[in-house]
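Reader: Could you take me through this model, beginning with the charged side chains?

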Amino acid sequence: MSSIKLYFNHLSGHAHRPWAMLKLLNIEFEEIVLDFFKGEHKAPEFLTLNPLGQLPVLVDGDTILRDSTAALVYLALQYDPDRRWLPSDPVLAAEVQQWLAISTREVFEGPGTARMVKIFNAPRDYDEAVKKTDELLNSLFETRLKENDWLVGNHPTIADVSNYGYIAAVTEGEVDLESYPNTYNWVKRLEAYPGFTAMPPAKHYLQ
């Protein structure tokens, strides 16, 4: 059995990041699915891995990573010797880091939050999340993807993997992604990329 374990939940856009990356790199790993609704991510045994009680957590031998983008960086450096997913060029690597930061803040606060309100009844401001989504996609993603297939460079990187999940699933937040054609085409392009695993529909995992 592989030494790599991924603690995750299929409903989480954060958890989708390392899950998709492991599959892209064709790495064997053990999937450990924790049930949000039963509070398994707050259980004492899990808190020894991540005191924050959040998913995902990637365990590779003695290495324990509790942040989704940190897991992407680790997997790209440790298991992708060709450095396709995290460029070695300083400028491109810095651009990737900028997009990783966007994925954990602005993408989560916009598309991610709109989805949370609609599928989890999260006590957040839905109208504000939709407004943030519109501003983010129009000002940043539509502009970048108008002339470029990918967020950084001329092939997909962990920047694309990291930003994909919550944007692809924003339709579950009742936002029409096709209103943002460049972003919509990018989502479909990534989903068609060999070895990529799409964000699964939430309805498959909600009772």
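**Salt bridges and strands**

Author: A salt bridge (a side-chain nitrogen of Lys or Arg within 4 Å of a carboxyl oxygen of Asp or Glu) joins Glu109 to Lys132, with the closest N and O atoms 3.7 Å apart. Glu109 belongs to helix α5 (residues 106-120) and Lys132 to helix α6, so the pair ties together parts that are 23 residues apart in sequence. Helices (H or I, at least four residues) and strands (E, at least two) are DSSP runs, numbered from the N terminus. The model is predicted, so local features need pLDDT of at least 70 and side-chain atom pairs pLDDT 80 or more, while totals for chains, interfaces and linings use all residues. Residues are numbered from 1 along each chain as its sequence is written, and side-chain values use heavy atoms, leaving out hydrogens and water.

Reader: Which residues are linked with Glu109 in a network of salt bridges?

Author: The network links Arg105, Glu109 and Lys132. Arg105 bridges to Glu109 with the closest N and O atoms 3.8 Å apart.

Reader: Is Arg105 buried or exposed?

Author: Arg105 is exposed, at 52% relative accessible area. The classes are buried under 20%, exposed over 50% and partly exposed in between (1.4 Å probe, protein chains only). Glu109 is partly exposed at 30%, and Lys132 is partly exposed at 31%.

Reader: How many salt bridges does the structure hold?

Author: The structure holds seven. One of them pairs Arg115 with Glu172, the closest N and O atoms lying 2.7 Å apart. Arg115 is in helix α5 and Glu172 in the loop between α7 (158-168) and α8 (181-191), so parts 57 residues apart in sequence are tied together. Arg115 is buried, with a relative accessible area of 1%.

Reader: Which residues form the negative surface patch?

Author: Asp125, Asp127, Glu128, Asp134 and Glu135 form the patch. Patch residues have over 30% relative accessible area and no salt bridge, with like charges joined within 9 Å and nonpolar side chains (Val, Leu, Ile, Met, Phe, Trp, Tyr) within 5 Å. Lys and Arg count as positive and Asp and Glu as negative, without His or the chain ends. Glu135 sits in helix α6 (residues 126-147) and is partly exposed at 44% relative accessibility.

Reader: Turning to the strands, why is β1 largely enclosed?

Author: Strand β1 (residues 4-8) is largely enclosed by the rest of the structure because four of its five residues are buried.

Reader: Which residues stand opposite Tyr7 in β3 and in β2?

Author: Tyr7 faces Val57 in β3, and its bridge partner in β2 is Ile32. Strands β1 and β3 (residues 57-60) pair in the antiparallel sense over four bridges, whereas β1 and β2 (residues 30-33) run parallel and are joined by four bridges. Two strands count as paired if DSSP finds at least two bridges between them.

Reader: What about the backbone? Which peptide bond is cis?

Author: The bond from Leu55 to Pro56 is cis, with omega near 5°. Pro56 is located in the loop between α2 (44-47) and β3. Most residues other than glycine have a negative phi, and most peptide bonds are trans.

Reader: Where does Arg83 lie, and what is its phi?

Author: Arg83 lies in the loop between α3 (68-79) and α4 (90-104), and its phi is positive, about 55°, although it is not a glycine. Arg83 is partly exposed at 28% relative accessibility. Asn121 also has a positive phi, near 55°. Asn121 is placed in the loop between α5 and α6 and is exposed at 66%.

Technical notes
Areas by Shrake-Rupley, 256 points an atom, 1.4 Å probe, with all protein chains shown as cover. Charge placed at Lys NZ, Arg CZ, Asp CG, Glu CD.
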